[in-house]
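My notes follow as numbered points, to be read with the model open beside you.

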Amino acid sequence: MSVVQTIAAQRGTERNGKRTTKLRTEGLTMVFKGDGADVRVLEDIHLEVSEGEFVCVLGPSGCGKSTLLNIAAGFLPPTHGQVWIDGEAVHGPDPRRIFVFQERGVFPWLTVEGNIGFGLFKLSKADRAGRIAHYIKLVGLQGFEQSYPQELSGGMKQRLEVARALAVNPDMLFLDEPFGALDSITRLIMRRELLRIWEAERKTIMFVTHDIEEAVQLADRVVVMSARPAKIQRIVEIDIPHPRDISSNRYLDLRDGIFEQIGLAHKV
Amino acid sequence: MNFPIRLRPVFFVVVLLALWDVAARRQSSHILPGPLAVLAGIAELAQRGLLLKYIVASLFRVTWGFAMATVLAIPTGLALGSHRRVEMALNPMIQIFRPISPLAWIPISILWFGVGDLAAIFLIFLASFLPLTVTAINAVKSIEQIYLRAGRNFGLDQVQLLYRVLYPAVAPQLIIGLRITLGIAWLVVVAAEMIAVNSGLGFLIVDARNAGNRYDLVVAGMVMIGVIGLLLDIGMRSLERIRSMRWGYSED
């Protein structure tokens, strides 16, 4: 198994040889100390993400992909291994890379404006107002500046959280199943929105999902994880330009390949 | 009858007053007053200048005791709630002190502070301190970790995290705790005044009975206690309507 991983990691490195490496994990292993039995969640994860790349981490629920994201963002120290971002070892969260939770992460005691301006406390008042207005427009929340999150729909809250993250101009975003709680129509719209924003701002994105279609629609590369303890099973390059035709043969091939990899026949 | 909904409580009170009046007239001893006699009692107290004086005396004690408890209990509770080990160490003591009625402290508070305002204020303080501390502890413990993480992610230091995330996140629960505790404090002041001081609405009730069975004044005192308690609660409740707090109350 580890040979396959190493090959996958090497392939990634070769491919990324021309581009700058943004994030690199080295032998990442995570063990949670439980009552009695220790739970191995991550097993020896080697992963590289290039500058400006959109990477989806795909795996079954509870496999530890969220743990991987939390370690990469600096919220959890790994049991073994190290995360490097821009060549620096990660030891904690940093405003240069923002973690987007499901829409529950917006602050309910702040208005839309207050939420977007939350991380902008170092800016002057005028700069802050300009930034807030720009991102309200970018995510289409005009007219709701003074609304509180409880007055917004799930999709609007999610867009608000993305806007709050983008407003501090991070160079990397971590998204943890951000659209998981949305209905399927809103989810499709949000994917398109995220791609539009990503194309405009070119942040490096690490996106965790358990939805195969979502991963293949969004990512440059899909990192397929195994069940717990999670290892990298395979890294699939999605070489279809955006906007992607989701009925094209290439899309269906890649998608079905991943379905097979995970051990599912794509039949209901 | 098709009464507008808002008038229904008024209608109910009028019916109750009428029943009270009839019952008071039909009793043989005439010791218990009817509503009109109570109204006359309130007027008499107002005329003698006692009504305002006693109300102010009671509110003065509640304000000081409650305010001191709030200022000390909330930071204490927030600190305990965010340090599990300290909380575990202190929790048994809190749980032993909590079931002791503040009224059980009356003899000791008179011993320490004598008969007077200080003894009463001390009792209010005792009655408010632990409930508020426990409220604050629970509020911190139930805070969504996601908010603290997001705060740290945006580069907040410990102090900023405290007043930009922790405090607003617990505020709605604190307000509920303050409201309930103020109700307790108001209950306790009346009892404390019956023993530890010689002014205030509690004193009025005991004094009116001792000085010639003036039950019209006893009930007048009770009515005033009820009305002021209601007003205090309405005042605290209005805090729950602040827009940035409303998320914390399950209206939707």
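1. Let me begin with a loop in chain B. L103(B) sits between α4 (84–97) and α5 (106–113) of chain B, where helices (H or I, at least four residues) and strands (E, at least two) are DSSP runs, numbered from the N terminus. With 17 C-beta neighbours inside 10 Å, L103(B) counts as partly exposed. The scale here is that a residue is buried if 20 or more other C-beta atoms lie within 10 Å of its own, exposed if 12 or fewer, and partly exposed in between, with C-beta atoms placed from the backbone. In sequence L103(B) and V188(B) are 85 residues apart, yet their C-alpha atoms lie 7.3 Å apart in space.

2. A word on what you are looking at. This is a predicted model, in which local features need pLDDT of at least 70 and side-chain atom pairs count only at pLDDT 80 or more, while totals for chains, interfaces and linings use all residues. Residues are numbered from 1 along each chain as its sequence is written, and chains are lettered from A and ligands numbered from 1 in the order in which they are written.

3. Next, T70(B), which belongs to helix α3 (residues 50–82) of chain B. T70(B) is buried, with 20 other C-beta atoms within 10 Å. Setting aside neighbours within four places in sequence, T70(B) is in contact with L132(B) and L178(B); contact means that the C-beta atoms of two residues, placed from the backbone, lie within 7 Å. I175(B), 105 residues from T70(B) along the chain, has its C-alpha atom 11 Å from that of T70(B).

4. Helix α7 (residues 145–153) of chain B is worth a look too. Its buried residues are Y147(B), A150(B), G151(B), R152(B) and N153(B). They pack against β6 of chain A together with α8 (158–196) of chain B. Just after α7(B) comes G155(B), with a positive phi of about 85°.

5. That brings us to the contact between the chains. Chain A gives 16 residues to it and chain B gives 13 residues. On the chain A side, 12 are nonpolar, three polar and one charged. In this classification Ala, Val, Leu, Ile, Met, Phe, Trp, Tyr, Cys and Pro count as nonpolar, Asp, Glu, Lys and Arg as charged, and the others, Gly among them, as polar.

6. Now chain A as a whole. Its secondary structure comes to eight helices and 10 strands. The radius of gyration of chain A is 19 Å, close to the 18 Å that the globule rule gives for 268 residues, so chain A is as compact as a globular protein of that length. That radius is taken over C-alpha atoms, and the rule is 2.2 Å times the number of residues to the power 0.38. Of the 268 residues of chain A, 44% count as buried.

7. One sheet of chain A is open and has six strands in the order β6-β7-β8-β3-β9-β10, with mixed pairing; two strands pair if DSSP finds at least two bridges between them. β6 (97–100) and β10 (232–237) of chain A stand at the edges with a single partner strand each, so one side of each is left without a neighbour in the sheet. Within this sheet, β7 (residues 172–176) and β8 (residues 204–209) of chain A run parallel and are joined by five bridges. M172(A) stands opposite T204(A) in β8(A).

8. A second open sheet of chain A has four strands in the order β2-β1-β4-β5, with antiparallel pairing. Its edge strands, β2 (38–50) and β5 (88–89) of chain A, each pair on one side only. Two bridges join β4 (residues 80–85) of chain A to β5(A), and I85(A) has E88(A) as its bridge partner in β5(A).

9. Which strands does helix α2 (residues 65–72) of chain A lie across? They include β3 (54–58), β7, β8 and β9 (221–225) of chain A, and the helix runs at about 155° to β8(A). α2(A) also lies across β1 (21–33), β2 and β4 of chain A, at about 120° to β1(A). Axes are lines fitted to C-alpha atoms, for helices over the stretch in contact, and angles run from 0 to 180 degrees between N-to-C directions.
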